[in-house]
Amino acid sequence: MDLQTLSNLFATTFSPDPNVRKAGELQIRKIGNEEGMINALLQIIAADTIDVATRQACAVWVKNRVHTNYTIEASSSAGEPRRPDRQPVAPSDRSALRSSVLRLIATAPSRAITLQLANTFKIIVGHDYPEKWSGLVNDIKALLTSGDIREVHAGCVASLELVRAFRFRQKPDIMQKIVGEVFPSLVTIATNMLQTASSQPQNQEIPMMLHLILKTYKTSIIINLSPQQQAPDSLVPWGQLLFAVVNLQVPKEAVPEDEEDKERSEWWKAKKWAYAILGRLFHRFGNPSQLPSPMQKEYGDFAQHFVTVFAPEILNMYLRQVELYVSGQSWLSKKCQYHIFTFFTECVKPKSTWTLLKPHFETLVSSFAFPHLMFTPSKKNLWENDPVDYVRVSVDEYESFATPVSAATTFLFSLAGNRTKTTFMPILGFVNNILRNPTSPPHQRFGALNMTAALGPWIMKHPSVKGDMEEFCMRFVYPELVGREGWMKAIACEVIGTLTKSGMEWKNGENLNKTFHGVARALDDPEFPVRVQAALALTEMILIHETVRNQVAPQVGKVVQDLLKLSDDTDLDILNRSMEVMVEQFQSELLPVAAQLIQRLCESYLRLAKESTAENIIDSSTAASSSTEDLEAMMADTDDDKTYAAMGVAKTIWTVVSSVDNSPEILAQVQEIIIPIVLFTLESKLLDLFDNMYELVDTLTFKLRAISPNMWPVFEATYKLFKSDAVDFLDEMLPSLDNFISYGTDVFRARSDYRQMVVDIYTTSINNAQLGENDKINGCKLAESLLLNLRGSIVDQALQLMIFTALSYLDKAETTPLKLALLEVLVNSVLYNPSASLHIIESSQSGAARAFFDRWFAAINNSERRLPRVHDKKLSVLALCALLEMDPAQIPESLREGWPGIVGGVLRLFKDLPKAVAERKALEDALAEEDEDDELEDEKLLNLTGDDEDVWDEDSAYLEMLAKEGARLREKSEKLEAGEDIDSDSDDEEIEEELGYISPLDNVNPYSSFKQALTAFQMRNGPGYQAATTALDVEQQTLLMEVMRLADQPAEGTPAS
């Protein structure tokens, strides 16, 4: 097809006539995989004689083709069928892309085409550099040193995309080469441009390229800081550039007047990246007191140099920027303010920077942080015009991430928690001064109460302050609660809720009663945010105060209805905890209306799920024509409230289900109401909600110990999903699938197709290369459930497939847990049908049965490590008992010589079993204690020492842990890449008891089972019995007598479960 015809064809893709458009798209799809197609489109994109819209359509198609297929090699998976849209890009087209893409970026007629080509370039680079595109860096350097501004701009774009392609690569090799070759040119270009900015204030090319260059640097230091970047000949010029950008006073004529447009302007984007780089350098690499130990060797010297030389200068510069902003002499974007607050927060814990920040903290709190906490004009606008959004940004902590408000609050938290003795009382004194001053305007009183709410957890831990908070509430909070101003009522409710949750005690019952009635009245307030805050405060009061619970109990039905309406109006998940508390605290009162409550909750869930489905359908043409950067922005801006709210409602439904488990009739009624929402979620493939739905299915089927007829479609839908879109959701599906087998045994006996589905899930989990070892372990657990629950001849026809599947992967398994899971599929097969299983194993390969026994007995002889759980030991005991009961004629020839050793193996397991049972019991007790102490986990700690030394807190310890784990995984990965052997047994995490796992073997007494098997062994195989018993040493004979004694005791008297 010639270029003109091809160009005309792509022009039809944006035709207003849908028939023409559809025909064009079908024709393009038909010829899209032909060799030379990409080369031809690159020529069209380069042709100035063709209209821009057609060239953009071609660029979009090329980007999509490269994105989908560039990583597919023609030589890979040879002979296997491929989907029509998953064909490899021809070598000639790959060559054309590499030779043309940079030139096309430089000559692109529009930003939209540049974005498409840049994204195409990044994908190619990620696959081909450096092996197949060794001259790329030189090509980029040639662009950067060109005298043509468009080529320089293309070099900046290419530098950014090159860095982005490798920004998450742990090994620093490629990034170091890029930094060493390209970054000197970038810093020179940026410095020169900045020097000419004052004489060319209207030139938007300057801030745009500064933006690209600074973003490139920031992207390069996500994981590592290269030795070149640590060296003075790089750090100094880049540091000077960053300082110059931060200090630059942007000319008014260079940016729009409107604040939102100004935020989005290229100059302020460039400044934002400068602040971000300085913050990243300090936070990750330049703060020695907080630097994790695995990073000390690589960055210790740099950190010491940075905190000594650079950090003080950055701090002084930021203090000056804040001074200019507070005094009205300059403007700061919200993102820049956020980065400044974040840097100040980082300066609190290290001794060296805290010493410099300490004299300024009161001024920063009062003049920079406090204004963000006041009732600002933007808050007022939201309150009046979008109260739901007001609730969203003021209550939901995840909504206000990366804003000046959140960063200012975090700064206060750091001061209060890390430098308590120095900062806490001055901050509270500032709050009290505002509240005591009768001339303080309402928006400032709001800010003071907002600050009190934020610091509530620390206030209630401070020994000198917590006892005064009842008086504080009655003097400053209660009057606002019963006042006329809605937003003051809302913040009053928030203060009461926070202080109550943090442990405030009321010495005066009348004060508590007055406050409760004030909150209860606020629940009916005409202002929506007041009702939400009242509901949250009431929740905390119900949890803590019995007198409040008693007063709410008669009206709990109304309170629940109010909560449901508020949840429906907000579509946020912030009220779900309140609903759960009502259900947990008032179970008896709500039991009669549980079905109606579930019905209402399911209606809310279904509405949210449907709206979430609609939100997630992005117009394919829009998605296709967007760059990765645009799509990332779109995803960041996507309103996920519906999904999160649906998750919250599902959790509330689960809480209600858990509260009615003592009433099987109501539970069965509730189940029938819930099943339709489960089916809708699964059939609509709402993957984000699968976890919640399978938790409901698991709970319902487990508590009822039965599978209702209407529940079986859920099983069928689960199988279909596993075989299509949800193959990696086996972990979420497993408990429900196990329940279907355990409590639907009769149906499985009657339905061979259901049995085949379970076997298929098991074999797929083992054989599918997409699935990890945890999925394979889950598949093995499912196979075990089938074998244990369907004892008899029901799955004999599938036994060979199950055994062969386990044998095929046993030697490939790398981790101890997977090796054990596969071994136990074989052990379960032996327990299920000993004779058939042994002959199937032997038929797979000569000597396979003997090899299986050697592997099994190696585990038995080291059962504390290799069969560590109670279930592991019981399973092997009972399988060995099944072998002892076999007819001697059925024993494979290769195993007869060692057959008497089975008795010794059983005794070894019995020797270790009591210890395993005791350890399981200790775990159960420890778990119960943890549940009791859960509420203590979120306690806020105070640093009441007066010294100014370095602070090492929980956050520091968490980063230390992450760094150590990251270093361990990198070391393991590097050894694997180098072909070194890794001792998987020493590297694996220990196999712990699964306390929630319920097995058909739980009620089996292994001692009596062994006694019965030994008797059968003696009767059926006298010589074998004689050989087995005479081979026992004194210790084993003593143990055998003890086992026989325990076998005669009642089951509860034996250490077997």
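Buried means under 20% relative accessible area, exposed means over 50%, and partly exposed lies in between, with a 1.4 Å probe and protein chains only. The model is predicted, so that local features need pLDDT of at least 70 and side-chain atom pairs count only at pLDDT 80 or more, while totals for chains, interfaces and linings use all residues. Residues are numbered from 1 along each chain as its sequence is written, and side-chain values use heavy atoms, with hydrogens and water left out.

**View A. Arg 705, with a positive phi.** Arg 705 is a residue other than glycine whose phi is near 55°, a positive value. Arg 705 lies in the loop between α38 and α39 (712-722), helices here being DSSP runs of H or I with at least four residues, numbered from the N terminus. With a relative accessible area of 44%, Arg 705 is partly exposed.

**View B. Lys 685, with a positive phi.** For Lys 685, also not a glycine, phi is positive and near 55°. The loop that holds Lys 685 runs between α37 (664-683) and α38 (690-704), and the residue is partly exposed, its relative accessible area being 40%.

View C. Tyr 129 and Pro 130 are joined by a cis peptide bond, for which omega is about 0°. Pro 130 is placed in the loop between α6 (111-128) and α7 (136-144).

**View D. Tyr 958 in helix α52.** Tyr 958 belongs to helix α52, which spans residues 954-977. At a relative accessible area of 48%, Tyr 958 is partly exposed.

Notes:
Helix = DSSP H or I, 4+ residues; strand = E, 2+ residues; numbered from the N terminus.
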